[in-house]
Amino acid sequence: MLLLCLLVGGVSAQQADLYSGEVAVPDESVEARNEALSRILAQVMVRVSGRSDIASGEAARKLLQEAPALAQQFRYRSVPAPADEVAPPTRYLEARFDPAALQRLMAQYGLPVWTGTRPRVLLWVAREVGANRSLLNAAEDVQAREALQARARARGMPLQLPLLDLQDQSVITAADVWADYEAAIREASSRYPHDAVVTGRLRQQADGHWLADWTLWYAGHQEKFNTQGENRLQALASGVDATQERLAVRLASPALVAGDLLRISVEGVHTLADYSVLQSLLGAAPDLGAIDVLEADRDRVLIGIRSARDPDTLVQQLAAQPGLRQLPGRGASESMEGDGRGPFAGDRYFALLDTGADE
């Protein structure tokens, strides 16, 4: 995701190298190195596309096989075991890939590419414990800070946490964040360089899991979503994922365009949980080819599928999925809101059946 600095001293988070990464390796053999380069490339593709599921499709799997040829440079490093452990050092492989070559191949394979700098995200989080609510203080809550930093690096997000010093405390409270009180959030955020603001409300549920409700403030619009986790750190880290996915939908360049793909409009996609179910259903359909999200509306998404297979066969495969129901075609007057592309004559329509997920 980058060598991003999530600084807690009022300094803005830095854009970092999206095309580098590292993984642990058992040895320095060619076989181990090539396998590790594929794993690192998968990390890089997540950052370059903005999509966490980018490596799951057949097109991406083929591209990952070319990882050794795309690597510009690599090196090994060793980290000694802790002093109280009797164990050999852990060996890591660091690698960087050719940006231009990777972007070109991703486009050829029909994979989305997010060019340009990533929006700087300022994060305010309020936590509820019993009857008390407080703002997340990254200087004091080391575990939360490290979990957010790690996920931000993995996703290529320049993330900034506020200082929560006396100046912040004089203009914003946990109650303001919990209520999404825009005036206070804007005033408190004005001292930090940022392109987007995310507010979160974190609480533990009766079953012990944690729920986080989020609001993304970007380009004059708000978008609300939620994440869950077995613990609060997972719920927080998932918020970084969900934020970057939404920014990518808005800003990444679709690799697929009308005229060379099958466009599938799916209604009933209200939440991140619904979207995850849809991803699973698409992944279960055999040999769909390259898949990309072209548009996202309040309750539906437009999917582009490029495949050498016959479109009618692909539609039959999707209609056979238990969670999807095919709908009759719609007229051009029912265009989705978004970038104005709207439906085309060849569009196919589906509804995602009720997943039972919370709205």
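Trainee: Which residue in S3 is the bridge partner of Glu22?

Mentor: In this predicted model, Glu22 has Glu94 of S3 as its bridge partner. Ala24 stands opposite Tyr92, also in S3.

Trainee: What makes S1 and S3 a pair of strands?

Mentor: Pairing requires at least two bridges between two strands. Five bridges join S1 to S3 (residues 90-97), so the two count as paired. They run antiparallel.

Trainee: What is the strand order in the open sheet?

Mentor: The order is S1-S3-S2, three strands with antiparallel pairing.

Trainee: Why are S1 and S2 called edge strands?

Mentor: S1 (20-24) and S2 (71-79) each pair on one side only. From one strand to the next, the twist averages 20°.

Trainee: What makes you say that helix H1 packs on the sheet?

Mentor: A contact needs heavy atoms within 4.5 Å, and H1 (residues 30-49) touches S1, S2 and S3. The direction of H1 makes about 135° with that of S1.

Trainee: How do you know that the length of H9 is close to what is expected?

Mentor: Helix H9 (residues 232-251) has 20 residues.

Trainee: Why is H9 described as largely enclosed by the rest of the structure?

Mentor: Of its 20 residues, 14 are buried, so H9 counts as largely enclosed.

Trainee: What makes Asn231 a cap of H9?

Mentor: A side-chain oxygen of Asn231 lies 3.0 Å from the backbone nitrogen of Leu233. The limit for a polar contact is 3.5 Å, so the pair falls within it. Asn231 caps the N-terminal end of H9.

Trainee: Why is Asp241 called buried?

Mentor: Buried means under 20% relative accessible area. Asp241 is at 18% relative accessibility, so it counts as buried. Asp241 is found in helix H9. Leaving aside neighbours within four places in sequence, Asp241 is in contact with Arg151 and Arg155.

Trainee: What is noted about phi of Leu164?

Mentor: Phi of Leu164 is near 55°, which is positive in a residue other than glycine. Leu164 is found in the loop between strand S6 (159-160) and helix H6 (166-169). At 8% relative accessibility, Leu164 counts as buried.

Trainee: Why does Asp180 count as buried?

Mentor: The relative accessible area of Asp180 is 13%, and the cut-off is 20%, so Asp180 is buried. Asp180 is placed in the loop between helix H7 (174-178) and helix H8 (182-189). Phi of Asp180 is near 55°, a positive value in a residue other than glycine.

Trainee: What is the mean pLDDT of the protein chain?

Mentor: The mean is 85, and 84% of the residues reach 70 or more. Over residues 1-12 the pLDDT is below 50, and this stretch has 51 contacts in the model beyond near neighbours in sequence. Over residues 331-345 the pLDDT is also below 50, with 28 contacts counted beyond near neighbours in sequence. Where pLDDT is low, the predicted coordinates should not be read in detail.

How values were computed: Residues numbered from 1 in each chain as written. Predicted model: local features only at pLDDT ≥ 70, side-chain atom pairs only at ≥ 80, totals over all residues. Heavy atoms only, no water. Helix = DSSP H or I, 4+ residues; strand = E, 2+ residues; numbered from the N terminus. Expected span 1.5 Å × (residues − 1). Buried < 20%, exposed > 50% of the residue type's maximum accessible area, 1.4 Å probe, protein only. Polar contact = N/O pair within 3.5 Å; in protein donor to acceptor, adjacent residues only side chain to side chain. Axes fitted to C-alpha atoms, helices over the stretch in contact; angles between N-to-C directions. pLDDT = per-residue confidence, 0-100.
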